[in-house]
Amino acid sequence: MTFAHPNVLLLLALLPLAAWLAVRQERRRQAALAAFGDPALLAGLAPLPEPRRRLLRYAIRLGALGLGLVALARPQLGERPATVARTGRDMLVVLDLSRSMNVADVAPTRLAAAKRLAAEIVSASPGDRVGFIVFGGSAFLQLPLTADRDAFNLFLQAASTDDIGDPSTDLGSALATAAKAFEHEGEHGAQAVLIVSDGESGEDDLDRPLDALKRRDIPVYAIGVGTPEGGPVPADTSEAPEPYHRDHIGRVVVSHLEERDLRRAAEATGGAYARADAPAAIREVSAQLSRLATRTISTHRATKRADRFQWPLGAAVAALAIEPMIGVRRRRRR
């Protein structure tokens with residue numbers, strides 16, 4: 001015999017105290033009656049309550065309460081076959097790997113902060129399937145939707161700006177890849193896109209991918225990483241003659257957080273936008289993701305402990321039904 005909620009059984013320790021209080025109250029009642037008059041004489045004048053029957057009713061009530069507490073603790077005995085369903089959502093994490101994600105205006109770098117935030121948001125919904133898309137000037141699906149969180153974390157932590165040949169940023173391509181990946185995966189209303197980027201997109205063609213996501217009711221939740229003041233973009237390699245990347249006329253390239261397209265993607269699809277340095281907004285994004293509808297992702301046969309709370313619960317109900325039938329007054333003597 002095991003219990004699903006064994007802590008409830010600790011309340012049974014209060015029953016002896018309740019029994020002691022009931023006995024004490026009955027003794028006080030008898031003492032008050034004796035002070036009022038001769039109990040034998042009073043018994044001949046009126047049908048007085050009988051102490052034993054009154055205490056018996058107290059005992060039945062306390063017994064019913066104890067049985068109710070045992071039922072609340074959910075006793076379990078034996079096993080039974082069961083179908084276990086796993087529910088969740090399908091979420092694609094879209095990570096920006098453009099050159100500007102190496103900027104250190106967010107410590108230690110934008111990319112490191114983006115990985116940390118993505119991992120935190122994903123871990124808040126352990127039942128979801130997660131896929132992984134990386135993008136720069138182009139985008140590709142690196143990990144299809146899976147329930148294997150170890151695989152996702154492995155791909156996430158291994159992601160580097162060196163993985164993308166084109167160091168520019170194309171948000172439209174990333175969103176289009178996400179829409180394409182969802183065409184044959186999951187159900188409407190239980191899908192979402194989480195994009196983490198500094199928003200510096202050199203392309204403005206967001207209409208097509210956003211329309212595709214809206215038609216499938218897929219919200220985009222966007223996290224902007226970086227600061228409006230920005231910072232210099234590091235050189236491509238450590239062997240470069242200078243620490244920072246320069247443009248075609250020799251100026252050090254400074255990258256800034258660009259929120260316009262990220263906000264647009266979130267608002268157009270019914271999602272939400274948050275900056276990486278706003279913890280309250282990040283929590284709100286996680287909360288909105290957790291409120292999305294879920295679907296049955298997988299089922300499997302298993303055995304479960306069989307609940308037996310019906311037995312003590314039935315006994316408690318029977319005791320409460322019997323208790324009013326016990327009269328507390330003795331018959332009046334002639």
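Pro 108 is placed in the loop between β3 (90–96) and α4 (110–123). Helices (H or I, at least four residues) and strands (E, at least two) are DSSP runs, numbered from the N terminus. The model is predicted, and local features need pLDDT of at least 70, side-chain atom pairs count only at pLDDT 80 or more, and totals for chains, interfaces and linings use all residues. Residues are numbered from 1 along each chain as its sequence is written, and side-chain values use heavy atoms, with hydrogens and water left out.

The peptide bond that joins Ala 107 and Pro 108 is cis, with omega about -10°. Arg 74 is found in the loop between α3 (51–72) and β2 (75–88), and Asp 217 in the loop between α7 (207–215) and β7 (220–224). Accessibility is classed as buried (under 20% relative accessible area), exposed (over 50%) or partly exposed (in between), with a 1.4 Å probe and protein chains only. Arg 74 is partly exposed because its relative accessibility is 30%; Asp 217, with a relative accessible area of 46%, is also partly exposed.

Strands β4 (residues 129–135) and β5 (residues 139–146) run antiparallel and are joined by five bridges; two strands pair if DSSP finds at least two bridges between them. They form a hairpin with three residues between them. Within this pairing, Ile 133 stands opposite Leu 141 in β5.

Rings of Phe, Tyr and Trp (its six-membered ring) pair if their centres lie within 6.5 Å; planes under 30 degrees apart count as stacked, over 60 as edge-to-face and the rest as tilted. By this rule there is one aromatic pair. The ring centres of Phe 132 and Phe 152 are 5.9 Å apart and the planes stand at 85°, so the pair is edge-to-face. Phe 132 in strand β4 and Phe 152 in helix α5 (residues 149–158) are 20 residues apart, and the pair links distant parts of the chain. Both Phe 132 and Phe 152 are buried.

One cavity of 30 Å³ or more is present. A cavity is a set of points, on a 1 Å grid over the protein atoms alone, where a 1.4 Å probe fits but cannot get out, and lining residues have an atom within 4 Å of a point. Grid points are joined across faces, edges and corners, and a volume is the space filled by probe spheres set on the points. The largest cavity has a volume of about 30 Å³. Its lining consists of Arg 89, Met 91, Ser 125, Asp 128, Ala 192, Leu 289 and Leu 292.

The structure holds 16 salt bridges, each a side-chain nitrogen of Lys or Arg within 4 Å of a carboxyl oxygen of Asp or Glu. In one of them, the closest N and O atoms of Arg 61 and Glu 323 are 2.9 Å apart. This pair links distant parts of the chain, with Arg 61 in helix α3 and Glu 323 in the segment after α10 (310–322), 262 residues apart. Arg 61 is partly exposed at 39% relative accessibility, whereas Glu 323 is buried at 8%. Another salt bridge joins Asp 211 and Lys 214 (3.7 Å, N to O). These two residues are three apart in helix α7, so about one helical turn separates them.

Definitions and conventions:
On a 1 Å grid over the protein atoms alone, a cavity is a set of points where a 1.4 Å probe fits but cannot get out, and a pocket is an open set with protein on both sides within 12 Å along at least five of seven lines; lining residues have an atom within 4 Å of a point.
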